[in-house]
Amino acid sequence: MNGKHILLAVDGSQNSLRAADYVGEVVRGGPGFHIELAAVLVPPDRDIFPDPALFQAERDVRARDAAQALDTARQSLLCKGVDAAIIGTRTMSCLDMDVAGTILAVRGECGCGTVVVGRRGLSKAEEFLLGSISSRVARHAKDFTVWVVG
Amino acid sequence: MTTVRELVERYQAKASLQSYGSVYQDTTEFMNIGNGDVIALGGRHYLVLRDEAERRFGMEDPKFWVKRCTELESGEKRILKLVFHERFNMKIGDMEVPCYRSPEKEARILDMTRGDPRFMQGFSLPDSAGNNVRVIEVVFGRRLDLAVDALDCDHPTYFAEHFPGILANFIDACEAIAFLHGKGERHGDIRRDHLFRHYDTGRYVWIDFDYTFDGSANPFGVDVFGLGNILLFLAGKGIHTAQSLAETPDGRELLAKVAPQDYSVMYRYRIMNLEKLFPYIPRALCRVLQHYAVGSEVYYESARELLDDLRPCLDGLRAA
């Protein structure tokens, strides 16, 4: 597993931007790196948006947000001096309502040896109920490295 | 041909109806449908007796979209749940989780669990306006928490004589939730008043599946939290809080041993570490409960994980 092949998961939040900045600092100018920027597209729940028109509108908003998150993170990396040629981008649809599981699945697909995620800084109660993507990724890590940027 | 009036008279004592109501094929305006009205649906007729209500914290909370009915063709009692797309915040401890009422979700789970005695039974069909109406069989049972409350014995006796059987049934109920999760569905509103003990079989039966919420980072977290709360109630034969312990000298003595990390991560007054209160509760079971405590570093992510820890507890109790 190549630790210099980095999967950077972004969602447009301040935490994921911090993660992008950090990766930019570490990688810039270094040889052999590849950064795969990935945004997880979480489709709206049909039960919450029973009206097909509202469902589609929300779906479109989320797709735009994901594209925006990728673009912002890419710009951040470029600003840090990372070579555009080593940056890939992809949008992935969330599998089985599980964002962390989707990130892990994509990591397996692209063979990245490092996964980088931002940390939201949840309270214990929030983590219990809402779940922490960074904790779940770290918990299920095997044969690769996880950087959690807080 | 039998008229609706004749059907009403066949199955309903005239004295119990103030007047003959209207026949509704469109249930959109559910607030207008009340005692004496008839809902015509799928070739059947449902005489409305009253709106259902939930009794919580000593208050009756009417549910105007849920009608207790008699099916006039059979005389059977049925509950009709009409469409009410509600959005609200579910308060859990200090947190508020945005929640949604989804008839479609409940209808899907009714289809998925048809014939499964661990779930309330029923079916759904559209009314004349396309509203998804769920026709539910009344569960012939008693709320589990009330059944446990009614056991007239002290905790050591309860724990030794009743709890192993209760835990076995509760594990079965957790399996039912794990089954839903395996199908990508959530119960959505796991509370102890949504679990019934069937009068005939003694099995536990889940009711009410229409809540849902947005939870892509931890899709089953709210359900897993609900299961822990019920387990705490069952193991402790009630919920034990700092306030309730402080009421007696013995309680105050126990309370002195309770540390901040022993309380629920969501409800900071509920004691999760029952080992401090009932030292004869096996450590393995206390450890399961402590996954819901402030002191825990790792929380259950699924009902399956909870079950993996809970089954050995039952084996241990049976072997003891």
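Tutor: The crossing of α4(B) and α9(B) is left-handed, a word used when the near helix is turned anticlockwise from the far one by less than a right angle. This is a predicted model, in which local features need pLDDT of at least 70 and side-chain atom pairs count only at pLDDT 80 or more, while totals for chains, interfaces and linings use all residues. Residues are numbered from 1 along each chain as its sequence is written, and chains are lettered from A in the order in which they are written. Helix α4 of chain B covers residues 155-182 and helix α9 of chain B residues 303-319, helices being DSSP runs of H or I with at least four residues, numbered from the N terminus. Their axes come within 10 Å and cross at roughly 160°, where axes are lines fitted to C-alpha atoms over the stretch in contact and angles run from 0 to 180 degrees between N-to-C directions. The two helices are therefore roughly antiparallel to each other, the term for angles over 145 degrees.

Among the residues that meet, α4(B) brings Pro164(B), Leu167(B), Ile171(B) and Glu175(B), and α9(B) brings Leu307(B), Leu310(B), Arg311(B) and Leu314(B); contact here requires C-beta atoms, placed from the backbone, within 7 Å. By class, this contact has 14 nonpolar, 1 polar and 4 charged residues, with Ala, Val, Leu, Ile, Met, Phe, Trp, Tyr, Cys and Pro counted as nonpolar, Asp, Glu, Lys and Arg as charged, and the others, Gly among them, as polar. As for the setting, chain B is divided into domain 1 (4-85 + 120-137) and domain 2 (141-319), bounds that come from an automatic or database domain assignment. The C-alpha centres of these two domains of chain B lie 34 Å apart.

Notes. Parallel < 35°, antiparallel > 145°, perpendicular 65-115°, else oblique. Contact = placed C-beta atoms within 7 Å.
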